Amino acid sequence: MANTEILLESGTNEIEIMEFTVYDELYGINVAKVREIMMTDKIKLVPHSHDAVEGIFKPRDIMLTVVDLPYYLTGRTTEPQPKDLFMVTNFNQMHIAFRVHTVVGIQRISWEDIKKPDKTLNGGEEGLATGIAQCGKELITILDFEKIVADIAPETGIQLEEVESFAGRNRSEYSIVLAEDSVLLSRMIETALTKSGYSQIHKFNNGQEAWNYLSQVRNEDVLDDKVSLIITDIEMPQMDGHRLTKLVKEDDRLKKIPLIIFSSLINPEMEIKGRELGADEQLSKPEIGHLVAVMDHLLQRGRE
């Protein structure tokens, strides 16, 4: 029954945000990334780790790295408090616990109500906030946990070397639509695809911008010249990737275009959602080499 309820919610362009505090400041994380909330526990220190890494602990079946989020966000060294909590997350096929001060609750809102932060507020293009959400009278800063982890452990991010084996082949005949709200990730994906020969890339900051483009070109005589394949993230302000997938696959002209969901949120539950919406493939970041291989397969299949 639980899976039925999940499927009914697919493509509605809504998100559930877990609100938490660090030094009385309100932050948010997509509930889909949260595995559980735990009381803090004794931690084993790890020598030579990043300053924001407290250590590791194993509450049950999985070894967890613990990140001191208050220290990471502020640089302030404080003593852990008895009421602190561990927010255990699961994304990019990793399990990481983040220390937070309190967990406030869960809010369900539309992606349309989440705004991209201004560059001056966000410390430039690659800041830590993926969006600002208005929940009642409160403004919630939604943090970019993928960027936090990639900063602490760069080897967990996209590795451009993975596409070395694909270099040398001309794939410029294909027109790729990329919907990705992270400026850093969008740039890295574009670099990787260009390196592998996919040089014709149309980048969009969210699903809404991508949908606007697709709506404009859907009546072109040779649609393939404008869009051969679509790559979309899931978490994006204005319109998320699941909503974009739903709109594309319900459109008579666009539904035959291969669509890949490329997201840090790919897990069994999300795979059910993506499959029901019609996604051709669903890949977990940061597997950029796998992405190129799947693109080759889908585009070749379309030509047969």
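## Close-up views of a predicted model

**View 1. Lys-137 is exposed, with a relative accessible area of 85%.** The structure shown is a predicted model. The cut-off for exposed is over 50%, so Lys-137 qualifies. Find Lys-137 in the loop that joins strand 10 (129-135) to strand 11 (138-143). Now locate Thr-232. In sequence, Lys-137 and Thr-232 are 95 residues apart. In space, their C-alpha atoms are 31 Å apart.

View 2. Strands of a sheet pair through backbone hydrogen bonds, and the pairing is either parallel or antiparallel.

**View 3. Strand 1 and strand 2 pair in the antiparallel sense.** Strand 1 covers residues 14-22, and strand 2 covers residues 25-30. Six bridges link the pair. Look for Val-22: the bridge partner of Val-22 is Glu-25, in strand 2.

**View 4. Helix 5 packs with helix 6 at an angle of about 15°.** Two packed helices are described by the angle between their axes and the distance between the axes. Here helix 5 spans residues 207-217 and helix 6 spans residues 241-249. Their axes are 9 Å apart. Angles under 35 degrees count as roughly parallel, so helix 5 and helix 6 are roughly parallel to each other. Their crossing is right-handed.

**View 5. Residues of helix 5 meet residues of helix 6.** Helix 5 brings Gly-207, Ala-210, Trp-211 and Leu-214. Helix 6 brings Leu-244, Leu-247 and Val-248. By class, this contact has six nonpolar residues, one polar residue and no charged residues.

Definitions and conventions
Residues numbered from 1 in each chain as written. Predicted model: local features only at pLDDT ≥ 70, side-chain atom pairs only at ≥ 80, totals over all residues. Heavy atoms only, no water. Axes fitted to C-alpha atoms, helices over the stretch in contact; angles between N-to-C directions. Helix = DSSP H or I, 4+ residues; strand = E, 2+ residues; numbered from the N terminus. Parallel < 35°, antiparallel > 145°, perpendicular 65-115°, else oblique. Left-handed = near helix turned anticlockwise from the far one by under 90°. Contact = heavy atoms within 4.5 Å. Nonpolar A, V, L, I, M, F, W, Y, C, P; charged D, E, K, R; others polar. Pairing = 2+ DSSP bridges. Buried < 20%, exposed > 50% of the residue type's maximum accessible area, 1.4 Å probe, protein only.
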